[in-house]
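Let's walk through this structure together, one region at a time. Keep the 3D view open as you read.

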Amino acid sequence: MQETLADKINKRRTFAIISHPDAGKTTITEQLLLYSGAIRQAGTVKAKGKKSNKFAKSDWMDVEKERGISVTSSVMQVDYDGYQVNIVDTPGHEDFSEDTYRTLMAVDAAVMVIDSGKGIEPQTKRLFEVASHRGIPIFTFMNKLDRDGLEPLDLVAELEEVLGIDAYPMNWPMGMGMNLLGLYDLYNQRVELRGKGEDEAEVYIDLDENGEVAGDYDFKESSIYTQAMEDAQLLHEAGNDFDRERIAAGQLTPVFFGSALTGFGVQTFLDAFVDLAPSPKPTVTADDRLIEPTDDQFTGFVFKIQANMNPAHRDRIAFIRICSGEFEKGMNVTLDRTGKTLRLAHTTQFMADTREEATEAVAGDIIGLYDTGTIQIGDTIYSGKPAVTFPPLPQFTPELFMKVTPKNVMKQKSFHKGMAQLVQEGAIQVYRTYHTEDYILGAVGQLQFEIFQHRLLHEYNAEVEMTPMGSKIARWIDPEDLDPKMSSSRNLLVKDLEDRPVFLFENTFAENWFKDKHPDIELTSLL
Ligand code: G4P
């Protein structure tokens, strides 16, 4: 039987992994690739990512490799158990929270990986807040169970207290570290034993109606087993109820225990995840219309632009989340911002180890469009009629500023080109002063500047001088209100890319002083 558009969309699972650096995001991604058959050997993602540019994983750029952090968001599509799973990677470093924020706009669920030896770490909390703000379901994977970590009860309590979300343990560890026996799995009504090889019958043992393992097994004598059973049953009686609707609304997080490194508990997690995570939902337009994913009309929005992903090709890719309909190669769409027609001829899909020309993509999928500079972050594209505009993507108000000047006046052209292209990626914002047209960069985190400078040099051959201006408070005003006399050394007047006037205040004192002096002027910020 022919698969309908609805059938295809129902099998889409598009999610992001959020975690503090080193919690195990890469390792668990790799396990997913392994189970889906996309790779054959563990270690492939990291090894290839680090040693060559061949693997389309996170480590695209030199800066990332040098610093050992993942800066950009990558996308991977794999087939897992009949589901089309799209993983959108998020940068772990806090300087990239804006990028992460936008990435989370393009997914339907988040997987939160926590190092069970460390519990909730600062970046887990920040990313959780962003995901939670989106109201998407959040699945928790307590990782590194092969090591001694915090008490499982404490981990779950911390999750609830620090993050303020209700938790529902899907399974419960029977011991940990050297003493890890397995998982007591009430959700699947079974015990999953560790280290029993390939034979499923030896790994999974069903529970009887009393929640006990039926039959004679040595491990039943162990206090670790009885303790886990008691803890899990206590939690199920006294804790939160399993509730699919609350999971879908992001109010209850299912918690899984396991070890990404050894693969233990990963398949159990993935199976439950594809079952419980939502397929693509309707998208709301700027004028409050609901676009159903199964609509015939193709719609999507650009959540990320990445220049020069492959240094050999100097390409620039716009990442599009498809919101409705089905992609067809060569189709014509309208770019909402300009009203111009765009042919989707050079597109790509991000498979596990390669980039391939996009062939079949439907709502929920992410495609890359090779672009020469017409597309911006937040752009909506749609086929046919009526016109569709999705709401603008959130932008953070930058807090740090740098003056930037080219070192070599002979290379002005590449400097301007690099500035224009890198700014469109959205990680950094650019302002010009009114008279001298000097460039000022604004960012949320310091690392953005370093990467910007590095990329200008390596990708555009433009060496720049960066002069720190420190932190400032950026406030926009209505152009009609503008009076150059309002500017002083404590509130530098600049204009943004769209020529809107912006004051960069020295501090809150300067801002308040301005407000007192000009009570009728409205000062606005971004997010
Ligand atoms: P990240 O992407 O979230 O930053 O974390 P990543 O997967 O790179 O994992 C960070 C470190 O934690 C790696 O060790 C990895 O092997 C280890 N790790 C991940 N999952 C587990 C687990 O379940 N158990 C244990 N014991 N370790 C785990 P590394 O030494 O920093 O890197 P590597 O050289 O081993 O690759």
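Helices here are DSSP runs of H or I with at least four residues, strands are runs of E with at least two, and both are numbered from the N terminus. Before going further, please note that this is a predicted model, in which local features need pLDDT of at least 70, side-chain atom pairs count only at pLDDT 80 or more, and totals for chains, interfaces and linings use all residues. Residues are numbered from 1 along each chain as its sequence is written, and side-chain values use heavy atoms, with hydrogens and water left out.

What lines that cavity? The residues are Phe15, Ile17, Ile28, Thr29, Leu32, Val111, Phe269 and Leu270. Helix 2 provides the largest share, three residues. By class, seven of the lining residues are nonpolar, one is polar and none is charged. (Ala, Val, Leu, Ile, Met, Phe, Trp, Tyr, Cys and Pro count as nonpolar, Asp, Glu, Lys and Arg as charged, and the others, Gly among them, as polar.) The volume of this cavity is about 50 Å³, and the structure holds four cavities of 30 Å³ or more. On a 1 Å grid over the protein atoms alone, a cavity is a set of points where a 1.4 Å probe fits but cannot get out, while a pocket is an open set with protein on both sides within 12 Å along at least five of seven lines; lining residues have an atom within 4 Å of a point. Points are joined across faces, edges and corners, and a volume is the space filled by probe spheres set on them.

Now follow strand 1 (residues 12–19) itself. Eight of its eight residues are buried, meaning under 20% relative accessible area with a 1.4 Å probe and protein chains only (exposed is over 50%, partly exposed in between). Arg12, Thr14, Ala16 and Ile18 are covered on one side, and Arg13, Phe15, Ile17 and Ser19 on the other. Strand 1 pairs in the parallel sense with strand 3 (residues 83–89) over six bridges, and Arg13 stands opposite Val85 there. Five bridges also join strand 1, again in parallel, to strand 4 (residues 109–115), where Ala109 stands opposite Phe15. Pairing requires at least two DSSP bridges between two strands.

Next, look at the loop between strand 10 (204–206) and helix 9 (223–238), where you will find Phe219. Is Phe219 buried or exposed? Phe219 counts as buried because its relative accessibility is 11%. Leaving aside residues up to four places away in sequence, Phe219 touches Leu181, Val191, Leu193, Ile205, Val213 and Tyr225; a contact means heavy atoms within 4.5 Å. Leu193 lies 26 residues from Phe219 along the chain, with 9.5 Å between their C-alpha atoms.

The largest pocket comes next, with about 990 Å³ of space. Its lining has 35 residues, and Gln376, Ile377, Gln395, Leu497 and Glu498 lie nearest its centre. Helix 12 (412–424) and strand 25 (429–433) are the elements giving two or more residues to this lining, and helix 12 supplies the largest share, five residues. The lining comprises 14 nonpolar, eleven polar and ten charged residues.

Finally, step back to the whole protein, which has 14 helices and 30 strands. Of its 527 residues, 54% count as buried.
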